[in-house]
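Open the model in your viewer and keep the sequence panel beside it. The stops below each begin with something to select.

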Amino acid sequence: MIRSDELVQQATLRDPELEAAFQRDGYVVVDFATPEMIAELLDAYAQFESGIESGYYPSLMSPDEDYKAKTHFKVVDVVWPVFDRYIDGYEPMLGVFMVKHPGPDTEVPPHQDWIVADESLRPTMNVWMPLTPVTAETGQMKVLPGSHKWLDGLRGSPSFPTQWEAEYQRVRDELMVTVPIEVGQAMIYDIRVLHGTPPNLSDSTRVVTSLYAVPEGVPSVHYHRDEHGTVRGYEVPRNFCGTFMIGDVPDGTQFTEIPNYTVDPLSFDEIAQRYAASRS
Ligand SMILES: O=C(O)CCC(=O)C(=O)O
């Protein structure tokens, strides 16, 4: 028999005030990094060769597994001790650099991150921590507050239909809010919250580090959608993202198959109504 106290959802953020803001918005901005942490990570960024010289890339897009492993371990080493002080009952999953070279084609359009673990009981978390200034010119983070609670659908590779795709420009321009984040701060968020960044229109490269964390002991998963629209879910190793290349079929144990996978698209008005309802 389930006791009523077992049904109370476990808090994600250790601090009750941050937890309340996180439950409402799906993200919080906090003081996070010392100058020494930033210097150590910038040093690693300068030393490790991703093999990618232009555009926008998270480390996991590099074909070099050695680079991805080195980056992961360095980010975990520096960032996890602080992240762990904010979130309760999690373990690190993937550490990356998110690099945005200058260029008008470097927008990261609104998206939710891939499902990497079961989210039915506890969210998967990420910390997004600038190592160089994130400004209006280099492209500030934009989010749709509260959207972690009311957007539906599976998320994986290489691409999945989404409820907002037909309306993403209006959602981005009319509803999403800019989140100022200074070097030394970080945004901690539920990876279901809709987020994205505009292009880097400055003349310098923007470098951010990011660390994903999953509830302790929860298996890693990946959803793949093939060219016929069939979605398959796989249980995969924890370091899956360190070896997987987008376009590949995951090498894991399949646990589900959904032929002709679809989502219910939302009109702009429906999205605006859900957003307004979640704010009231
Ligand atoms: O680094 C960026 O500009 C965007 C990052 C992002 O959207 C993500 O981490 O999912």
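Start by selecting cysteine 241, which sits in the loop between strand S12 (231–236) and strand S13 (253–258). Helices (H or I, at least four residues) and strands (E, at least two) are DSSP runs, numbered from the N terminus. This is a predicted model, in which local features need pLDDT of at least 70 and side-chain atom pairs count only at pLDDT 80 or more, while totals for chains, interfaces and linings use all residues. Residues are numbered from 1 along each chain as its sequence is written.

Is cysteine 241 buried or exposed? Cysteine 241 is buried, because 22 other C-beta atoms lie within 10 Å. The cut-offs are 20 or more other C-beta atoms within 10 Å for buried, 12 or fewer for exposed, and partly exposed in between, with C-beta atoms placed from the backbone. Not counting residues up to four places away in sequence, cysteine 241 touches Leu60 and Leu94; contact here is C-beta atoms, placed from the backbone, within 7 Å.

Valine 193 counts as buried because it has 23 C-beta neighbours inside 10 Å. Its contacts, leaving aside neighbours within four places in sequence, are Gly26, Tyr27, Val143, Leu144, Ser147 and His148.

Now select the ligand and its shell: Met98, Lys100, Val108, Asp113, Trp128, His195, Gly196, Thr197, Val208 and Ser210. A residue is placed near a molecule if its C-beta atom, placed from the backbone, lies within 6 Å of it. Strand S3 (90–100), strand S9 (195–197) and strand S10 (206–215) are the elements that give two or more residues to this shell. S9 gives the most, with three residues. By class, the shell holds four nonpolar, four polar and two charged residues. Ala, Val, Leu, Ile, Met, Phe, Trp, Tyr, Cys and Pro count as nonpolar, Asp, Glu, Lys and Arg as charged, and the others, Gly among them, as polar.

Move to helix H4 (residues 65–86), which has 22 residues and reaches 30 Å from its first C-alpha to its last, close to the 32 Å expected at 1.5 Å a residue. The expected span is 1.5 Å times one less than the number of residues. Where is the kink in H4? A kink of about 50° lies at valine 79, shortly before proline 81; the bend is the angle between axes fitted to the seven residues ending at a residue and the seven starting there. The buried residues of H4, including Lys68, Val75 and Phe83, pack against strand S1 (27–31), helix H3 (35–47), S3, strand S5 (125–130), strand S8 (185–190) and S10.

For the last two stops, select proline 158 and then asparagine 260. Proline 158 lies in the loop between strand S6 (141–143) and helix H5 (168–175), and the peptide bond from serine 157 to proline 158 is cis, with omega near -10°. Asparagine 260 is in the loop between S13 and helix H6 (268–279). Its phi is near 50°, a positive value in a residue other than glycine. Asparagine 260 is exposed, because 8 other C-beta atoms lie within 10 Å.

Conventions
Two residues are in contact if their C-beta atoms, placed from the backbone, lie within 7 Å.
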